[in-house]
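Hi,

Here is the structure I said I'd pass on.

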Amino acid sequence: MKKLLLFASLVLSINTFSAYVNSATTFSSKVDKQSMIIPAYNYPDGVNDQYWNSVTALGGSKVPYVIINPDNGSGNNADPNYIRQIEANKNAGIKSIGYIRTKYRGRSVAEVVAEVDTYFRLYGENNISGFFFDEIKVDENSSVEYMESIYNYVKSKSADKLVMGNPGRQINDKMAPYADIFVTSEISADEYINRFSAPKSEFENNSANSRHIMHIVYGATPDQYETIVKLSRERNAGWLIITDDTQPNPYDGLPTDINKIAKLINNLGGIPNPNNSGGGLGSIPKTGIPQGVFDKKSIAIPRSKVDLDLVKSSRGTIYRNMENIKEDGITFDTVYIGQFGTDFKEKNGNVKYSSSSNGILLSIFKDYGKFNLGGGFGYQKSKVRYGEKFSGIKENIDSFQFLFGGKYKINENIDLSGVVTYSENIHKYRNENGRVFMDGAKYNSKILDADTRIGYKYMFEKGYIKPYLGLGITSVREGEISKLGIKGTSATGLNSIIGLYAQLNYGNAVLFGNVEYEQRLRKKSYHNRREYNVLFDIAPLEYKRGVFNAGLGIGYKLSDMLNVILSYELSESRNNVFKLGLEAEF
């Protein structure tokens with residue numbers, strides 16, 4: 001019996017020793033394949049660059065992918081050194097992944113996907129094998145939709161482009177389908193070995209998903225390498241990178257012994273395939289996402305309604321000028337128009353901006369008895385400064401306006417008047433944050449506005465009060481934003497207006513003012529939805545259908561032929577408009 005027990009103990013000891021030897025080489029676990037992706041945030045100096053030569057020497061069998069970061073993202077211009085390095089990577093069998101920040105949803109979807117296109121444009125679609133989306137927010141449902149939109153956009157370009165998402169922490173199961181690889185842990189070696197929190201999601205606990213999970217461990221020492229590799233396999237990470245560098249940037253240098261790390265991580269004899277079933281939508285054909293597979297989503301870009309505001313302001317000036325045309329004479333007006341302190345926030349909160357405008361409006365009218373006829377020309381220059389998610393983006397607008405007006409005096413009290421305005425606007429963007437999104441983008445817009453009003457004057461000794469009703473039609477046409485491939489759009493609708501104008505005469509001075517309510521009869525805004533691609537539309541700019549306008553001014557007769565006019569207007573309860581005019585009568 002003792003001999004039997006001694007033999008069993010000997011067999012058990014041999015098996016235990018054998019298991020230990022195997023664990024020291026292949027780290028038995030549920031991960032059957034493992035490889036490495038290097039965040040290579042080191043600038044390639046040329047053919048003798050030691051960092052990049054060490055990376056390419058490993059080859060694609062040990063380093064299938066590297067993450068390149070030319071300028072904290074794509075940058076504005078192609079870098080010759082990165083062009084050379086991407087080619088060297090390709091020759092070594094290594095695929096290059098472009099780095100893109102999301103700023104925890106601080107950047108809009110439109111800005112993020114525009115950087116995808118910039119990488120392709122600068123470095124070639126055949127040279128960029130995917131994208132590493134950094135700083136992913138995972139806590140809210142809207143974060144899932146955000147990542148879904150980005151993922152689907154990349155796959156619409158080419159289904160075999162790799163999508164990596166880096167929240168640096170564990171994700172939930174709702175987020176899981178929207179990247180080929182998620183970095184679910186980005187922590188120090190000390191925390192990874194001693195204080196790692198076990199994942200709770202089904203996605204991370206399913207061994208079939210190891211090919212879609214990556215861990216990044218920094219601040220490691222060479223004697224910790226084997227322990228970290230062993231733990232990563234127990235924790236279902238099919239992708240791993242270890243570095244001995246530390247924060248704030250542990251990715252600008254290679255670990256002390258990159259060859260040892262590469263050998264340890266790749267010793268299972270296979271590279272995980274992130275495009276297989278599991279996280280991501282592996283069934284999408286390589287020709288891209290066909291029309292109709294996904295419901296289109298609307299994304300916001302920086303856009304304003306300043307062009308329409310300027311038309312309304314000039315229209316109001318012409319109506320005011322027609323109230324005081326010299327009988328049987330000609331009246332010529334030169335009006336400076338300054339718009340300031342204008343803050344706009346879209347109803348849904350996507351777009352926020354402040355704007356200012358300066359310009360001049362020239363008009364001339366002649367009295368023909370019962371008729372007044374004339375027209376004008378205006379030029380205004382506007383600056384729009386966007387805030388929040390589009391902070392740093394500025395838009396300059398040059399507006400050219402052509403106006404025609406007329407009034408028919410039905411009798412002493414009733415008149416019928418109208419103004420037609422045609423506006424050509426040139427929109428140019430620049431991004432002062434050094435990012436590519438919207439920088440250099442431009443488009444033209446055209447607005448045609450026709451408005452007619454009937455008023456009744458209640459006369460008294462020193463002036464009159466005139467209530468009026470109006471009906472108009474407005475058409476806004478916005479051209480293509482060619483840089484972004486965003487299609488043009490147009491919208492037309494009716495407007496109604498009810499208001500009150502009053503004028504009082506005191507010797508050489510005249511006081512005037514008005515208050516009115518304007519209603520857009522069209523439910524949707526004039527700055528309409530734009531087509532972008534098979535996945536996305538550009539959301540319309542949402543603003544109020546009904547608005548109040550008010551104005552107050554004073555005119556003073558300098559001579560028999562010359563008047564000066566000063567006024568202040570509050571348009572749509574938010575646009576502050578200052579006007580200074582000089583009026584000549586002949």
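Predicted model: local features only at pLDDT ≥ 70, side-chain atom pairs only at ≥ 80, totals over all residues.

Residues are numbered from 1 along each chain as its sequence is written, and side-chain values use heavy atoms, with hydrogens and water left out.

**Strands**

Helices and strands here are DSSP runs (H or I, at least four residues, for helices; E, at least two, for strands), numbered from the N terminus. Two strands pair if DSSP finds at least two bridges between them.

Start with β10 (residues 330–345) and β11 (residues 352–368), which are antiparallel over 14 bridges. Isoleucine 337 sits opposite glycine 359 of β11. Their hairpin has six residues between the strands, and glycine 349 there has a positive phi near 80 degrees.

β11 also pairs with β12, again antiparallel, over 16 bridges. Here isoleucine 364 faces glycine 375 in β12. This hairpin has two residues between the strands, and glycine 369 takes a positive phi near 85 degrees.

There is also an open sheet of three strands, in the order β9-β21-β20, with mixed pairing. β9 runs parallel to β21 (residues 536–538) over three bridges, and lysine 297 has phenylalanine 536 in β21 as its bridge partner.

**Surface**

A nonpolar patch has about 1,100 Å² of accessible area together, and its members include Tyr368, Phe371, Leu373 and Phe404. (Patch residues have over 30% relative accessible area and no salt bridge; nonpolar side chains are joined within 5 Å, like charges within 9 Å. A salt bridge is a Lys or Arg side-chain nitrogen within 4 Å of an Asp or Glu carboxyl oxygen. Areas are Shrake-Rupley with a 1.4 Å probe, and for residues only the protein chains shown count as cover.) β12 (371–386), β13 (393–409), β14 (414–431) and β15 (442–456) each supply at least two of the patch residues.

**Pocket**

The largest pocket holds about 720 Å³ of space. Of its 31 lining residues, Glu323, Asn324, Ile325, Lys326 and Gln503 lie nearest its centre. (On a 1 Å grid over the protein atoms alone, a pocket is an open set of points where a 1.4 Å probe fits, with protein on both sides within 12 Å along at least five of seven lines; lining residues have an atom within 4 Å of a point.) β22 gives the most to this lining, with three residues.

Cheers

Note on methods: Points joined across faces, edges and corners; volume = space filled by probe spheres on them.
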